[in-house]
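Keep the sequence and the structure at hand while reading.

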Amino acid sequence: MNAINYKHLHYFWVVAKSGGIGRASERLHLTPQTISGQISSFEDMLGYPLFNRVGRRLELNDAGRVVLSYADEIFTIGEELQEILRTRPDGLPMQFRVGVADAVPKAIAYLLLEPSMELPDSLRLVCREGTLTDLLADLAIHRLDIVIADSPMPANIDVRGYNHLLGECGVSFFAADGLAKQYKKGFPKSLDGAPFLMPGELAAVRPRLLRWFEKERVHPRIVGEFDDGALLQAFGEAGKGIFAAPSAVADQLRKQSGVTELGSTNLVTEQFYAISVERQLTHPAVVAISSAARESLIR
């Protein structure tokens, strides 16, 4: 197959987005005949038709939908580049593109990322949130510089990447004032039968919590499970149950969320990783994060 002609790809993209050759010709300021000929040449080069002709209309077929998904990504990145050039005529800011896995508590994400914004050079922090699998896919195609996660990269993920342990800390247990008064005395035995908000199955800390409960012979009453750490915390702040969070952010939670700490343990730990495509960390923002994490997290 010959190299893709990106001008032809762009014509195809505009036709697909516009809903037909007529509208595309108005946007591109070309005649319908010219666009039709370019689309035909593009299809010949690919070896697949991309549209089904239904009367006078064009409808994307399966191959067309695949090509469109890639074209969307290609030209969206191009539009982002144009926007950066348009808004920063005096020079480009260094972009630091970070993916934060759903299971990572937002307070920890802030604690880890905040040092990157203290660098002397101009930097634009771009954060994306999602599942670890989705974020690693973006890392693989260099749409992200690093991924912050609560576990190393899974072995079954076909992505070339490297795990950099930022640090680890124990966990503390928190509750709104009403629940705290009821369950703080006698911790951790007081957790037996207490309403508890459990991290979802993808959270690395979940099995560690369950093993610790067994060791302490306590059986909290699980009233909710959450893949998203921020949503879990919101339910905890509303008094719907006791929740666990990294001890490194205990002071921040008490001050900002008004919750009370029931107790803590270092027998359950949370680990946090920066996953990158680099064996050695070189991005200045990542180096700043790694250095600061040694002080803010107990290793």
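Begin with strand S3 (residues 94-101) and strand S4 (residues 123-130), which run parallel and are joined by eight bridges. Strands here are DSSP runs of E with at least two residues, helices are runs of H or I with at least four, and both are numbered from the N terminus. Two strands count as paired if DSSP finds at least two bridges between them. Within this pair, Phe 96 stands opposite Leu 125 of S4. S3 is also joined to strand S5 (residues 146-149), by three bridges, and these two run parallel as well. Here Val 100 has Ile 148 of S5 as its bridge partner.

This is a predicted model, in which local features need pLDDT of at least 70 and side-chain atom pairs count only at pLDDT 80 or more, while totals for chains, interfaces and linings use all residues. Residues are numbered from 1 along each chain as its sequence is written, and side-chain values use heavy atoms, with hydrogens and water left out.

Buried means under 20% relative accessible area, exposed means over 50%, and partly exposed lies in between, with a 1.4 Å probe and protein chains only. What does Ile 148 touch, not counting residues up to four places away in sequence? Its contacts (heavy atoms within 4.5 Å) include Val 98, Val 100, Leu 112, Leu 113, Leu 166 and Tyr 273.

Now take the chain as a whole. The protein chain has 11 helices and 10 strands. Its radius of gyration is 25 Å, well over the 19 Å that the globule rule gives for 299 residues, so the chain is more spread out than a compact globule. That radius is taken over C-alpha atoms, and the rule is 2.2 Å times the number of residues to the power 0.38. Along the principal axes, the C-alpha atoms fill a box of roughly 80 × 45 × 35 Å. Of the 299 residues, 44% count as buried. Among contacts between residues at least 6 apart in sequence, 75% join residues at least 24 apart.

Strand S10 (residues 260-276) contains Gln 271. Gln 271 counts as buried because its relative accessibility is 19%. The side chain of Gln 271 makes polar contacts with the side chains of Glu 168, at 3.2 Å, and Tyr 273, at 3.1 Å. A polar contact is a pair of N or O atoms within 3.5 Å; within protein, one must be able to donate a hydrogen and the other to accept it, and residues adjacent in sequence count only if both atoms are side-chain atoms. Glu 261 also lies in S10. The side chain of Glu 261 makes polar contacts with the side chains of Ser 172, at 3.1 Å, and Arg 254, at 2.4 Å.

Helix H7 (residues 177-183) contains Tyr 183, which counts as buried because its relative accessibility is 14%. Leaving aside neighbours within four places in sequence, Tyr 183 is in contact with Ser 190, Ala 194, Pro 195, Ile 242 and Leu 262. A polar contact of 3.3 Å joins the side chains of Tyr 183 and Gln 182. In the loop between H7 and strand S7 (195-199) lies Pro 188, joined to Phe 187 by a cis peptide bond with omega of about 10°.

Most residues other than glycine have a negative phi, and most peptide bonds are trans. Which value does phi of His 29 have? Phi of His 29 is positive, near 60°. His 29 is found in the loop between helix H2 (21-28) and H3, and counts as exposed because its relative accessibility is 70%. Arg 217 has a positive phi of about 60° although it is not a glycine. The loop that holds Arg 217 runs between helix H8 (205-216) and strand S8 (221-226). With a relative accessible area of 70%, Arg 217 is exposed.
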